[in-house]
Amino acid sequence: MTHAPRDPDTAAAHPAGPSPTPILRIEAGQHVAPIRRVDVDAAGQRLVTGSDDRTVRVWQIPETRLIAILRPPIGDGDEGKIFAVALSPDGTLVAAAGATGATWDGTHCIYLFDAETGEMHGRLTGLGNVVLDLAFSPDGRSLAASLGGGAGIRGWRTADWADGFADPDYGGDSYGLAFDRAGMLATTATDGLIRLYDPTGRRIAARPAPHGTQPYGIAFAPDGDRLVIGYADGPKVSVIGAGRLMELYAPDTGGLSDGDLAGVAWSGDGQSLFAAGRCNNGTGVYPIRRWSDAGRGRHEDLPAATNTIMDIRALGATGVVFGSAGPAFGSFDASGRSAIDFAAVTPDLRGALGDHFKVSHDGLTVRVAYDPSGGKFAAFALPDRRLAPDAADDPSLAPPRTRSPQLVVEAWQDSAHPTVNGAPIALEPQELSRSLAIAPDADGFVLGTDYQLRAYGADGRLRWQATTPGTVWGVNISGDGRRVIAALDDGTLRWHRLADGTPELALYIHRLGGHWVL
């Protein structure tokens, strides 16, 4: 889940402003889609979380009292998804951005919000690509943004929001940036380089990362003499000198053979080092690995989440806070005990494949696994509006058809290169196919992707495509050939007409308590 979000089409005609038409959204009391980024104020009393659900939330911690929900303008496709957040050191100002502004303004922007009231103070415009990370300098005088698509970094003076610096000379997405206490700035990029800037924004060094080609997370040690680098292409971590950017040592990542450790952080006292990402321990738990002696000592794995850990930050002198794709967030204190545990309320539909996603002949009754292991199922009958939170298997319901002698669709799961009868199916850049359902008469099929439903004829020609609010983990077609039912990463099940893709209904089931809305 660390690939770059797609860049909205900035070549299309852009309206004068966001659409005034209201867009209905589910409000479940917390995030309903992956939490991409988190940040905390200098005092460790406020936490900000930004999500693909197009909201930013400000929390009072440790009691996790919701202070404000920040709502940027949203639209079709990715518009309004938040990939980066930053909280000013004094906890009063939130910067948030991602796929923001391009569909209606022609360029991307950063929104600035009052952390207490949620009021938008303004926006910083003219960015050439999606914003992937944001950071305030420790003195609060500067804000920096790292961008996708090789657009580099930008910086502003917070006193008057005048441009402070820019470096567009990047060969890939920049997912990480960090300030030290003196105002030095360091960045990562998927061109493999670590870059270092002085407090004026002048680049003073650039060097390939010691391990891997996709350096991702980055953080300065509190004393400013070292940097820690996390990678998106494997469970690797590097500690490098902040002067010459040469490796000093590599913390022990033994026992973490799969996934990555893209997120990294130092404890506030500099004694502990933390890393997390897509690594799990084989039991479905995604840990945060903590090393003693600034990464040179022994390690322990703190059981943090049941889905990818998207971001981590130091909390106080010895703790750490994280956000996950759950969507959930939490923290650990100095002893490794869970101090904040805000579990997801959204069904996790990543397991909605095969027998874990069944529908009736008319498509009006569904049974779906709402955890990736497939151990928990919910069933919903539309005709009588009945929810069964713990539903037994029903032989009258059918799983999606994924095989047919006359229609062979291959490489359709987690792939950028699906084929039909050996011919390639063209997807958009950075779009992955996630799920498949072949029509009952094998006259066509539907692919669910990262942000679309795509319907094709048996000849592989696109019949229609429908933008979805998120990843389509599962898709099924009713036996009567009338409806497509999709399971999305925002926890919703959505019904579309197979003939033309017109959306008909959406169902959200609250994971706790069995409540639902249709």
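Reader: Which strands make up the open sheet of four strands, and in what order do they stand?

Author: Two strands count as paired if DSSP finds at least two bridges between them, and strands themselves are DSSP runs (E, at least two residues) numbered from the N terminus. In this predicted model, where local features need pLDDT of at least 70, side-chain atom pairs count only at pLDDT 80 or more, and totals for chains, interfaces and linings use all residues, the order is S1-S2-S3-S4 with antiparallel pairing. Residues are numbered from 1 along each chain as its sequence is written, and side-chain values use heavy atoms, with hydrogens and water left out.

Reader: Which are the edge strands of this sheet?

Author: Strand S1 (35-40) and S4 are the edge strands, each of them pairing on one side only. From one strand to the next the twist averages 20°, where axes are lines fitted to C-alpha atoms and angles run from 0 to 180 degrees between N-to-C directions. S3 and S4 pair in the antiparallel sense over five bridges, and valine 58 has alanine 68 in S4 as its bridge partner.

Reader: Where do cis peptide bonds occur?

Author: Most residues other than glycine have a negative phi, and most peptide bonds are trans. Here a cis peptide bond joins isoleucine 61 and proline 62, with omega about 15°, and proline 62 lies in the loop between strand S3 (56-60) and strand S4 (65-70). Another cis bond joins glycine 326 and proline 327, with omega about -5°, and proline 327 is placed in the loop between strand S26 (319-324) and strand S27 (329-332).

Reader: Is leucine 245, with its positive phi, buried or exposed?

Author: Buried means under 20% relative accessible area, exposed over 50%, and partly exposed in between (1.4 Å probe, protein chains only). Leucine 245, whose phi is near 60°, counts as buried because its relative accessibility is 2%. Asparagine 421 also has a positive phi, of about 50°, but this residue is partly exposed, with a relative accessible area of 44%.

Reader: How many residues does the largest nonpolar core have?

Author: In soluble globular proteins, nonpolar side chains tend to be buried together. A nonpolar core is a set of buried Ala, Val, Leu, Ile, Met, Phe, Trp, Tyr and Cys residues joined through side-chain atoms within 4.5 Å. The largest one here has 17 residues, and Leu349, Phe357, Val366, Leu493 and Trp495 have the most contacts inside it. Among the elements giving two or more residues to this core are strand S29 (357-359) and strand S42 (492-497).
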